[in-house]
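Here is a friendly briefing to read alongside the structure. Please keep the sequence and the 3D view open as you go through the points.

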Protein chains: 2
Amino acid sequence: MRNFNEETITEAVLARFADAPSPRIKLISEALVRHLHAFAREVRPSQTEWESGIDFLTRTGQMCSPTRQEFILLSDALGVSMLVDAINHPLPMGATETTVLGPFYVDDPPEFPLGANISGGKEGKALFVEGTVKATDGTPIAGAWVDTWHADAEGYYDVQLSDVPELDMRARLRTDDQGRFWYKSIVPAYYPIPADGPVGQMLAAQGRHPYRPAHVHFMIGAPHFETLITHVFLDGDPYLDSDVVFGVKDSLIRGLGEVGPGTTPEGHEVDETASLLTYHFVLAPEKHLARYA
Amino acid sequence: MRNFNEETITEAVLARFADAPSPRIKLISEALVRHLHAFAREVRPSQTEWESGIDFLTRTGQMCSPTRQEFILLSDALGVSMLVDAINHPLPMGATETTVLGPFYVDDPPEFPLGANISGGKEGKALFVEGTVKATDGTPIAGAWVDTWHADAEGYYDVQLSDVPELDMRARLRTDDQGRFWYKSIVPAYYPIPADGPVGQMLAAQGRHPYRPAHVHFMIGAPHFETLITHVFLDGDPYLDSDVVFGVKDSLIRGLGEVGPGTTPEGHEVDETASLLTYHFVLAPEKHLARYA
């Protein structure tokens, strides 16, 4: 096959996938080529624009490091991450809603005992976080792992603060036998996603601000349950309606209370005045992986 | 705006481009999001597949170096480069057809006088290349720059052969006052595109071979003419009908002749036996950039 033109090249490329060993990879490859070619036929990029696109993708890849994932940022800022999230999480009644992972998750975060202060001495208003992890029928889930991470009072994550970062404001906890978890930290601020790379340039070119409303990340898992990836957003934030990554859901917003010195609503002792953030998470039962198993 | 679902998120993202300063960037951003979201809705990637996609793009960017452009390879292997080429080159009657740039072009290649041997001493069957550069009305174009580059007898380009490459089998020539050019080198072989990176993994997963038929690259320019990016393919190659980057056009295939010692058909003296490759290029007149000027 030779002499392809603007119309015939798409079928020619699709024909090359005839011998793909995996039907799933064949399907993804075919859809990718159809949509990518349709995009090109619609915008009709000049050679220079195509070169700019190649350069943009190259710089996006080269901005990635063990503590910075610029392609996740790009997916987030184009709404693809939340779309994939929506596709994968048609949730049962009562389960906690999901949102984006974001680019700052670190595998195997430091383990802390319940009640620990995970702020690593970072300055900011004291925060006490408490809640529970339960099944949709209300049964507490004991021993669930609760990964939590958040920005500091200036809006920076630990991994952004130095080249050899200490992991602060980041922890793995385990729920107690009543499915409860609690810890101390500092109140996070809203912040711009890292704007010193290709994604920041894209947002500027699109006339968009780079801000995310203040939030605390959670990834929560337990045997026989779907792992939950979500945030809890702080009520009153000016960016709740224009989150640059489209992640806000009303059910994930909570107001900050005030607590201490004394006992919290969930029965934990607090020895100083702190803002109080409470969220009761509900995990969906694990899905059977029938479709592509 | 909050609480986006699989259907509503696309409009929400498009609405964010309302203040884009450049109408062209607004149009490209809107089309990108529509097609990208349609792709995701069609293939319904699992979270793990989305992570694989992020990882693939990241590794593709990180494979790029001053002498390796993995995103161009990806664009080539998905037929996007030839599609963009087709979109941009509806050519006037008689002009030489175009094909992909490929990932091995080097800016400002070494200048050589007409007739020079550009092989840098690389081993292989001697090749004598000659031709002309003319306008569509047949007028010779004197002083056109002719960049040419090709693989060696094993199918490797100079920039693949060492970490600090010498630039061989690569030259910038200038046509003489009759629009002629000629040089000596070695006969290139067919070759696999670099298969040790993400694009190679993709081709394997798609059940495709990585080969390109043997060819010599040309980029030719002159004031008042469109710069021509093309190859001349060697007739008889086993991969002419399955070029991994879809670049072959019948009008760009030429058989190798035999010449020397003696005078070539174009009147040049050759002091040894060599394969002879002849191509007469025709440049299209420069387009007026009316659309987005």
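Two residues are in contact when their C-beta atoms, placed from the backbone, lie within 7 Å. Helices (H or I, at least four residues) and strands (E, at least two) are DSSP runs, numbered from the N terminus. This is a predicted model, in which local features need pLDDT of at least 70 and side-chain atom pairs count only at pLDDT 80 or more, while totals for chains, interfaces and linings use all residues. Residues are numbered from 1 along each chain as its sequence is written, and chains are lettered from A and ligands numbered from 1 in the order in which they are written.

**Interface**
- Contacts link 64 residues of chain A with 64 residues of chain B.
- On the side of chain A that touches chain B, two or more residues come from each of H1 (8-15), H2 (23-43), H3 (47-62), H4 (70-77) and H5 (80-88) of chain A.
- H2(A) gives the largest share of that side, 15 residues.
- By type, that side of chain A has 37 nonpolar, 17 polar and 10 charged residues (Ala, Val, Leu, Ile, Met, Phe, Trp, Tyr, Cys and Pro count as nonpolar, Asp, Glu, Lys and Arg as charged, and the others, Gly among them, as polar).
- The copies meet through the same surface, because 100% of the interface residues of chain A are also interface residues in chain B.

**Helix H5 of chain A**
- A residue is buried if 20 or more other C-beta atoms lie within 10 Å of its own, exposed if 12 or fewer, and partly exposed in between.
- In H5(A), 8 of the 9 residues are buried, so this helix is largely enclosed by the rest of the structure.
- Among the buried residues are Val80(A), Met82(A), Asp85(A) and Asn88(A).
- Their cover includes H4 of chain A, along with H1 (9-15), H2 (23-43) and H3 (47-62) of chain B.

**Sheet**
- Five strands of chain A form an open sheet with mixed pairing, in the order S3-S2-S7-S8-S9 (strands pair if DSSP finds at least two bridges between them).
- S3 (170-174) and S9 (253-254) of chain A are the edge strands.
- S2 (145-150) and S7 (215-221) of chain A run antiparallel and are joined by 6 bridges.
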